Amino acid sequence: MSSEYSALFPFFKSKQGGIMAVSFTLNGKAISFDGDPETPILWVLRDHLDVTSPKYGCGAGLCGACTVHLDGAAIRSCSTPVSVAAGRTLTTLEGLAAKVGKALQDAWIEFDVPQCGYCQTGQMMSAADLLAKKKQPSSDDIKNAMSGNICRCGTYSRIEKAVKRAADKLA
């Protein structure tokens, strides 16, 4: 377990009590993490792999700032142990397919979605997950899919418009 993580959350201890190698694919690259298998994916990404697009927001999987994809599905990396990723594929914002990433980025810019920007990678990862499942989502689909992502700046209506525009660009 990283010393930074242990200092912040001393109540988290490995259930196995040891260190082991966990291998997975991250954004198309084979990775092996030697450490506590109970370490949340977020801390492996940020502290060990220098991937900082997923953000720490709440630590309980409630705000969505840490959203990444595991085998193509959106998960909260702050509350998912790295052992869950063993033999699987993790994707962060940097690893999104170019077409999807570009469509989302362009739509986010067009509708001036980001203000502080803190939640935006999680928002975009949730939007990409939705667009992979539903090519032309309705307003209700978007609201439901994005409901687990908190935007402190309150740009929800712009996020909805941006997701619709990205869907149109991808169609």
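Q: What order of elements does the protein show from the N terminus on?
A: The elements run α-β-β-α-β-β-β-α-α-α-α. That comprises 6 helices and 5 strands. Helices (H or I, at least four residues) and strands (E, at least two) are DSSP runs, numbered from the N terminus. The model is predicted: local features need pLDDT of at least 70, side-chain atom pairs count only at pLDDT 80 or more, and totals for chains, interfaces and linings use all residues. Residues are numbered from 1 along each chain as its sequence is written, and side-chain values use heavy atoms, without hydrogens and water.

Q: Why is H3 called oblique to H4?
A: The axes of H3 (residues 98-110) and H4 (residues 120-133) come within 10 Å and cross at roughly 125°. That makes H3 oblique to H4. Angles under 35 degrees count as roughly parallel, over 145 as roughly antiparallel, 65 to 115 as roughly perpendicular and the rest as oblique. Axes are lines fitted to C-alpha atoms, for helices over the stretch in contact, and angles run from 0 to 180 degrees between N-to-C directions.

Q: Which residues in H3 and H4 meet?
A: Val100, Leu104, Gln105 and Trp108 in H3 meet Gln120, Gln123, Met124, Ala127, Ala128 and Leu131 in H4. Contact means heavy atoms within 4.5 Å. The residues of this contact divide into 7 nonpolar, 3 polar and no charged. Here Ala, Val, Leu, Ile, Met, Phe, Trp, Tyr, Cys and Pro count as nonpolar, Asp, Glu, Lys and Arg as charged, and the others, Gly among them, as polar.

Q: How does the radius of gyration of the protein compare with that of a compact globule?
A: With 171 residues, a compact globule would have a radius near 16 Å; the protein has 16 Å, which agrees. The radius is taken over C-alpha atoms, and the globule rule is 2.2 Å times the number of residues to the power 0.38.
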